Amino acid sequence: MKVFVNGEPREVTETTLAGLVTELDLPVARIAIELNRDVVRRSDWGGTMLKDEDRIEIVHFVGGG
Amino acid sequence: MSTAATAASSKDKLIIAGREFSSRLIIGTGKYRSYEEMRSAHEASGAEMVTVAVRRVPLDRSTESFLDYLSPSLQILPNTAGCYTAEDAVRTARLAREALQTDLVKLEVIGDQTTLFPDNEQTLEAARILVKEGFVVLPYFNDDLIMAKKLLDAGCAAIMPLAAPIGSGLGIQNPANLRIMREQLPDATMIVDAGVGTASDAAIAMELGADGVLMNTAIAEAEDPAKMATAMKLAIEAGRLAYSAGRMARRLYASASSPLSGVIK
């Protein structure tokens with residue numbers, strides 16, 4: 001299935017958001033995720049199924065003013 | 001205890017939505033030459049709240065978590081820097097809240113790339129949405145009294161007018177507007193956000209009646225950030241004291257300090 005992660009198309013085999021985070025090897029405690037413009041709470045990642053053409057934004061924190 | 005001394009006592013706190021801060025200095029986390037330099041500047045500043053930005057996580061490489069370089073005692077204030085629409089700012093604020101478990105947000109909706117001046121209209125729109133969603137909204141905005149009133153009516157916890165363009169270090173370019181805002185909105189928490197270049201600028205902001213100052217570049221781009229952070233801390237304390245002491249009236253001509261009579265002939 002093809003999804004868009006941070007604007008880039010990506011073929012994924014994982015079927016849930018939690019699976020995708022694991023596949024991408026991301027620091028779970030320090031990120032937040034938006035699926036098709038809605039925030040998905042961390043506790044819901046496991047139960048959130050991915051589908052073709054989903055648009056996912058994964059953010060973290062950087063220095064800023 | 002004199003009024004001036006009271007200002008420096010434990011009772012004189014910066015209060016934002018019922019939360020008390022002993023330091024009136026809020027500082028950024030951007031532009032430092034190293035995380036170590038940032039950390040020593042944070043310690044020297046005495047600041048209790050620091051801003052951070054929200055960005056897409058890089059997927060092609062592992063990143064060390066920037067947040068690990070912040071003292072756990074610091075209150076993190078996520079910003080919506082880089083957003084040009086109310087919608088993007090709202091999305092960014094929601095993401096920050098989810099990751100950081102804080103309802104505080106420095107709302108920043110930019111209107112122009114060269115000046116980084118805020119889009120007041122979009123800022124107000126975003127503020128209304130975020131307040132409804134339970135955020136404690138601290139909006140960066142142009143130094144406009146009417147907009148300040150609208151932001152407060154919308155439920156913002158503070159107003160954060162700029163003093164000069166972000167990162168410019170030009171100092172307080174709008175003392176009259178800041179003073180008018182202070183006088184017309186005596187109960188509002190007013191934090192001067194952006195424009196400070198050196199310690200005297202921070203002191204001036206406080207002497208004009210600001211409740212606090214938010215700065216980043218002035219410290220991060222100083223040759224010695226930790227030393228500048230100390231200078232800022234002292235300037236803010238001095239400016240606050242001067243404001244609460246009540247300065248003398250300005251007069252155009254001299255007024256002798258020594259008695260005019262009794263001079264030897």
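Reader: How many salt bridges are there between chain A and chain B?

Author: In this predicted model, local features need pLDDT of at least 70, side-chain atom pairs count only at pLDDT 80 or more, and totals for chains, interfaces and linings use all residues. Residues are numbered from 1 along each chain as its sequence is written, chains are lettered from A and ligands numbered from 1 in the order in which they are written, and side-chain values use heavy atoms, with hydrogens and water left out. A salt bridge is a side-chain nitrogen of Lys or Arg within 4 Å of a carboxyl oxygen of Asp or Glu, and between chain A and chain B the count is five.

Reader: Which residue forms a salt bridge with R56(B)?

Author: The closest N and O atoms of this salt bridge are 2.8 Å apart, and the partner of R56(B) is a residue of chain A. That partner is E57(A).

Reader: Which strand gives the most to the side of chain A that touches chain B?

Author: Strands (E, at least two residues) and helices (H or I, at least four) are DSSP runs, numbered from the N terminus. On the side of chain A that touches chain B, at least two residues each come from β3 (32-35), β4 (38-40) and β5 (55-63) of chain A. With seven residues, the strand that gives the most is β5(A).

Reader: What area do chain A and chain B bury between them?

Author: Buried area is the accessible area (1.4 Å probe) that two parts lose on being put together, summed over both. Here 57% of it lies on carbon and sulfur atoms, and in chain A the residues H60(A), F61(A) and G65(A) lose the most area to chain B, together 27% of what that side buries. The area that the two chains bury is about 2,600 Å².

Reader: Why does the pair of Y35(B) and F66(B) tie together parts that are apart in sequence?

Author: Rings of Phe, Tyr and Trp (its six-membered ring) pair if their centres lie within 6.5 Å, and planes under 30 degrees apart count as stacked, over 60 as edge-to-face and the rest as tilted. Y35(B) and F66(B) form a tilted pair, 5.9 Å centre to centre with 50 degrees between the planes. Because Y35(B) lies in helix α2 (residues 35-45) of chain B and F66(B) in the loop between β4 (49-56) and β5 (75-78) of chain B, the parts tied together are 31 residues apart in sequence.

Reader: Is F66(B) buried or exposed?

Author: Buried means under 20% relative accessible area, exposed over 50%, and partly exposed in between (1.4 Å probe, protein chains only). Y35(B) has 27% and is partly exposed. F66(B), with a relative accessible area of 3%, is buried.
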